[in-house]
Amino acid sequence: MSRTSPPPAAPSAPGVPGTTPPGPRPTSLGSGSGRLPRWAPAGAVGLAVLLAVALAVTGTSAILAAVVGAAVATLLLVGASRAVEGPRRATDRFVTCLVTIAFAVALAPLLSLLFTVISRGARRLDGEFLTFSMLGVVGEGGGAYHAMMGTLIITLIATLISVPIGVMTAIYLVEYGGGKLARWITFLVDVMTGIPSIVAGLFAIALFTLFFGPGVRMGVIGSVALSVLMIPIVVRSVEEMLKIVPAELREAAYALGVPKWLTIVKVVLPTAVSGIASGITIAIARVIGETAPLLVTVGITTGLNLNPFDGRMATLPVYAYYQFTQPGVPAEAAIDRAWTAALLLIIIVMLLNVVARVVARALAPKGAR
């Protein structure tokens, strides 16, 4: 009678005494087996803040206190991670701390700027400042209504000049370009992107001087100067947005017999409208705070002038510049007006961003909303 071999033993269930659970054996503490609690990074940040505040209270420089606090918290967190989680996770946490510190360093000037502008500019942000000009005002009082209207009019004209030229140039480069002309246009756009703003102002004033003579100052001249700065930004942003439109959409339209120009109008542009609106907003925000070209092309006036083709106009950047450099007596009133003008510029740029996002969402393809 043949002897049969016994069946293989079934794997023992985990948790049963005397059996070995499946899987790798647990390693010792410090080689990656443990985990720091979830609150450890937040606790390190809190420790850094407390240490920095304590050093600042004792008279240490704020920057030095922040550096010492961040360094001590990073060393403690990385040391605890190396002891509990192992060297690999400790290295990961060290790099994460470096990235976080770099982000905080980059964010600190922006927060400081916003805090300073808001705290100092809010003092004169009242009804008088928004509805009165500086006509006949020598000391306290007055407002920037004329500068606000001048900024909006000049920027609007610059946008009407720049957006059609920039969008059509980008369409040519992406959809029709490829030859020497396209390469030359790309080269000129790159050169225009880096020109100083004062050069744009000198170009505009020299151009209008040929037709109207020396000493001419008009709002439309400032618009032309700003358009020189806006066009390359619009071209670059729209070009990048058109490039990311999938080629399959174009090919599907061509397969249905749709002409190329209609494909661009009905398929390509609506698909990229969100990015195009954002690029135009960035271009407007880039030029709305320019001072140098408007100093030489538009000048300044204390009264309201809504005609960009007749005489000088006030703008918020130039208004803030003159209020700060020529404050008069008392100087504090003019300095407050300068800070409030700067705050208005920030508010206008923020509103433009909100409007651009709303318009882009409204015009975006139905599936992309």
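Phe-212 counts as exposed, at 53% relative accessibility (exposed is over 50% relative accessible area, buried under 20%, partly exposed in between, with a 1.4 Å probe and protein chains only).

A quick note before the exercises: this is a predicted model, where local features need pLDDT of at least 70, side-chain atom pairs count only at pLDDT 80 or more, and totals for chains, interfaces and linings use all residues. Residues are numbered from 1 along each chain as its sequence is written, and side-chain values use heavy atoms, with hydrogens and water left out.

**Exercise 1.** Work out how the aromatic pair of Phe-129 and Tyr-319 is arranged.

*Solution.* Start with the rule: rings of Phe, Tyr and Trp (its six-membered ring) pair if their centres lie within 6.5 Å; planes under 30 degrees apart are stacked, over 60 edge-to-face, the rest tilted. That rule gives 4 aromatic pairs. In one of them, Phe-129 and Tyr-319 sit 6.3 Å centre to centre with 70° between the planes, making the pair edge-to-face. Next, locate them: Phe-129 is in helix H4 (residues 127-131) and Tyr-319 in helix H12 (residues 316-325), 190 residues apart. Helices here are DSSP runs (H or I, at least four residues), numbered from the N terminus. Finally, check burial: Phe-129 is buried at 0%, and Tyr-319 is buried at 2%.

**Exercise 2.** Classify the ring pair of Phe-208 and Phe-212.

*Solution.* The ring centres are 6.1 Å apart and the planes are at 15°, so this pair is stacked. Both residues belong to helix H7 (residues 197-212), and being 4 residues apart puts about one helical turn between them. Phe-208 is buried, at 13%, whereas Phe-212 is exposed.

Definitions and conventions: Helices (H or I, at least four residues) and strands (E, at least two) are DSSP runs, numbered from the N terminus.
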